[in-house]
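Please look at the sequence and structure first.

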Amino acid sequence: MKQSPSDLALFGGNPAFPEALHVGRPNIGDRERLLERINDLLDRRWLTNQGPYVEEFEQAIARHVGVDHCIAICNATIALEIAVRALEFTGEVIVPSFTFVATAHALQWQEITPVFCDVDRETHTIDPERVEELITPRTTGIIGVHLWGRTCDVERLDDIARAHGLRVLYDASHAFGCSHRGRPIGSFGSAEVFSFHATKFVNTFEGGAIVTNDGELADKIRLMRNFGFADYDHVIYIGTNGKMSEVAAAMGITSLESLDEFVAINHQNYLRYREVFDGLQGVRMLSYDETESCNFQYVVLEIDESEAGLTRDQLQALLWAERVMARRYFYPGCHRMEPYRTYFPNAGLQLRNTELLAERVLTLPTGTAVGHDDIATIAGIIRLAVSHSDHVRELLETRSVSTTP
Ligand code: T4K
């Protein structure tokens with residue numbers, strides 16, 4: 001069960017935050033335009049099943065990332081499942097463990113074995129060197145995750161895939177609006193999947209999309225998204241219901257209109273956080289390559305206990321008590337979640353960087369709901385905690401505050 005800040009109340013909450021500050025607080029965009037669009041779709045009485053807003057949203061996404069095909073889906077998890085099936089992955093697929101569990105579930109749900117691969121210590125993305133070691137005769141594909149919007153080593157992954165006759169799918173849930181060597185994320189591998197969940201900087205409440213330049217694959221995905229219907233009463237393929245609703249697409253279109261503003265705010269927040277954490281021992285903030293397009297939607301810290309004097313979990317407990325709901329993405333790593341921990345109890349032995357990062361990473365609130373004053377206060381709490389780490393540890397122990405929220 002998730003705990004609320006009051007379960008952890010240590011200092012009784014920070015007066016600067018009468019309401020908790022959350023990671024993933026949605027960006028809303030132009031509320032009036034959204035409501036106009038909702039009125040339009042109600043007037044039209046066309047609420048789902050490839051309505052005009054979904055068409056418009058798909059075209060806008062395809063244009064934005066420079067691909068031929070965008071298929072809007074009800075969420076990124078179903079999008080991954082459909083893409084996995086459309087790419088005819090079977091047997092084993094190599095995937096990082098340091099990701100949101102949906103990446104692994106999309107495979108296991110279809111009885112395909114996710115073979116967990118370690119990530120690179122610096123980039124947090126799948127390590128191509130390790131990928132090669134995991135290829136077996138049963139391997140049919142690789143899923144790379146552009147974690148935090150920082151892109152995978154797509155060139156190396158492509159080379160490996162080509163050499164072994166594999167296909168690559170990218171989970172680009174974090175990477176809409178990002179680029180790799182100047183090319184927008186969306187056209188790498190056989191297909192890429194975006195998430196437009198409420199917590200993403202561009203959102204459709206719930207939503208996702210598959211983008212590809214492969215026309216045949218796109219046709220298959222469109223069929224799969226709609227029960228395999230090729231026409232009225234005419235089913236030619238196995239399919240599911242992966243459709244996006246009109247209200248979701250209306251939110252998406254509205255959200256896209258504010259994309260530049262959202263990125264600018266995330267960027268400013270990122271720069272502000274960098275400034276305030278500069279030189280703070282044991283607290284390392286992940287940087288983004290500013291020569292690339294970037295959405296800056298995650299502010300990611302690595303806490304090194306030996307220097308900070310506090311574990312990541314102790315710091316998180318303190319922040320929660322102060323109503324800053326920092327998150328341990330992606331703890332504890334998919335391989336330590338069910339059913340994978342039962343299936344592969346020793347997987348961690350091969351996942352050194354994953355294990356390390358799962359213990360150290362903490363993400364902080366950003367987005368349009370977070371102001372510069374909030375950032376200064378959050379940083380102030382963290383600085384204070386690190387500079388008085390002995391005292392904080394003692395407090396956490398004496399007040400028996402759980403350090404594992
Ligand atoms: N692949 C990757 C790499 C992903 O990160 C994700 C999703 C997926 C695939 C699958 O995409 P989708 O199928 O969801 O489209 C959240 C999101 O639900 C999830 O979409 C996201 N990644 C993941 C990183 O974060 P939780 O379990 O952390 O959600 P929850 O309910 O704890 O909310 C997160 C934070 O956002 C909280 O601090 C509260 C805040 N929040 C959330 C919602 C929904 C709000 O303030 N308002 C809201 O409306 O998974």
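Q: Is Asn-203 buried or exposed?
A: This is a predicted model, in which local features need pLDDT of at least 70, side-chain atom pairs count only at pLDDT 80 or more, and totals for chains, interfaces and linings use all residues. Residues are numbered from 1 along each chain as its sequence is written, and side-chain values use heavy atoms, leaving out hydrogens and water. Buried means under 20% relative accessible area and exposed over 50%, with partly exposed in between (1.4 Å probe, protein chains only). At 1% relative accessibility, Asn-203 is buried.

Q: Which backbone nitrogen does the side chain of Asn-203 reach?
A: Asn-203 lies in the loop between strand 9 (191-195) and strand 10 (208-212); strands are DSSP runs (E, at least two residues), numbered from the N terminus. At 2.8 Å, its side chain reaches the backbone nitrogen of Phe-205.

Q: How far from Cys-178 is the nearest cysteine sulfur?
A: A disulfide is a pair of cysteine sulfur atoms within 2.5 Å, and the whole structure has 0 of them. Cys-178 is in no disulfide, and the nearest cysteine sulfur, that of Cys-294, is at 5.0 Å.

Q: What is the distance from a polar side-chain atom of Tyr-329 to an oxygen atom of the ligand?
A: An oxygen atom of the ligand is 2.8 Å from an N or O atom in the side chain of Ser-195. For Tyr-329, the distance from a polar side-chain atom to an oxygen atom of the ligand is 2.5 Å.

How values were computed:
Helix = DSSP H or I, 4+ residues; strand = E, 2+ residues; numbered from the N terminus. Polar contact = N/O pair within 3.5 Å; in protein donor to acceptor, adjacent residues only side chain to side chain.
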